[in-house]
Every structure is written in structure tokens, then in C-alpha cells.
Amino acid sequence: MTDNALHQVSDADLAWRDDFEAFRVAPADFRHRQHIRLAYIYLVTSDPEAACIRMKAAITSLLAHLGVDPAAKYHETVTRAWILAVHHFMHSDPTPAASADAFIDANPRLLMQDIMLTHYSREKLFSDTARNSFVAPDRMPIPLHV
């Protein structure tokens, strides 16, 4: 059981996750909202560290499947920071969600792709160091929930 046990995923969420992991979701259909959806699903079904590991594995596997060098496209800090942000919003929302879509609809700020720039300067977030390994925010910490 995770600390997000009050939040739930729907059967459709689990089927979508399985489709994504089996490369049955078109890359063009994996946009920001779907990243948030996958992060939410992983956080409901595992702890934050495992969710980060699973998210990285899913994204890098997709990139490799597409013939794209994961080292050239995958961004460790962005991925981990979004997992932390979703985790924060899961703890901040007084009403647990019954699905990923319900959670996202209740937390539309997560759809603001530039929200990470309130935590990171552009220089730090888009550096090679941040791409290859997680770097802590240099503007405002992402709240952590233990």
C-alpha cells in the first residue's frame, strides 16, 4: 500500500498504462497531460521512488522502441520533478480522485507546462547536468511529502 492509498485509478487508467508500456500508445498521443496521467497512475500503485523508476523505464523503453537514443531525449530532472509535483498535488487535494482524469481535472495547474520554471531557472532546468541526473530546484523547493 502506498501513502496515496486514498487516490484510485480506474480500469481505463490501468489499461492505458498497459498499452503505453506495450508501445500501443502513439507517440504523438503522449503529450503533457498523458505524462501527468502516467505519473499519477504510478504514484497510486507504488511509492514515489518506485514511481520515478517506473516512469523512467517506461519513457526510455518507448524511446528505444522508436529508435531514439534515450540519452539524447530523456530528461531526468523534468521527469522526477513532475512526479514530485503530482505527488504534492495528491497530498494537497482534500478529495481523493477516483481516476487519473478526475485528478487532473481537479488540479488544472498541473497542465501548465511551465510550472517547473517557478522552481527552476531555465539555465539549471535545461542544463546537461539536469538532463542526465536529478538536480534540486534553485528557485523554490517542490514540497515533499513523506
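The model is predicted, so local features need pLDDT of at least 70 and side-chain atom pairs count only at pLDDT 80 or more, while totals for chains, interfaces and linings use all residues. Residues are numbered from 1 along each chain as its sequence is written, and side-chain values use heavy atoms, leaving out hydrogens and water.

**Whole chain**

Start with the chain as a cartoon. It shows eight helices and zero strands, where helices (H or I, at least four residues) and strands (E, at least two) are DSSP runs numbered from the N terminus. With a radius of gyration of 15 Å, close to the 15 Å that the globule rule gives for 146 residues, the chain is as compact as a globular protein of that length. That radius is taken over C-alpha atoms, and the rule is 2.2 Å times the number of residues to the power 0.38. Along the principal axes, the C-alpha atoms fill a box of roughly 35 × 35 × 25 Å.

**Core**

Next, select Phe20, Leu38, Tyr40, Val86, Phe103, Leu110 and Met116, which touch the most other members of the largest nonpolar core, a set of 42 residues. Such a core joins buried Ala, Val, Leu, Ile, Met, Phe, Trp, Tyr and Cys residues through side-chain atoms within 4.5 Å; buried means under 20% relative accessible area (1.4 Å probe, protein chains only). Colour α1 (11–21), α2 (32–45), α3 (48–65), α5 (76–92) and α6 (100–106): each supplies at least two residues of this core.

**Phe103**

Finally, centre on Phe103. Beyond its neighbours within four places in sequence, Phe103 is in contact (heavy atoms within 4.5 Å) with His7, Tyr40, Val86, Phe89, Met90, Ala97 and Leu110.

Technical notes:
Buried means under 20% relative accessible area, exposed over 50%, partly exposed in between (1.4 Å probe, protein chains only).
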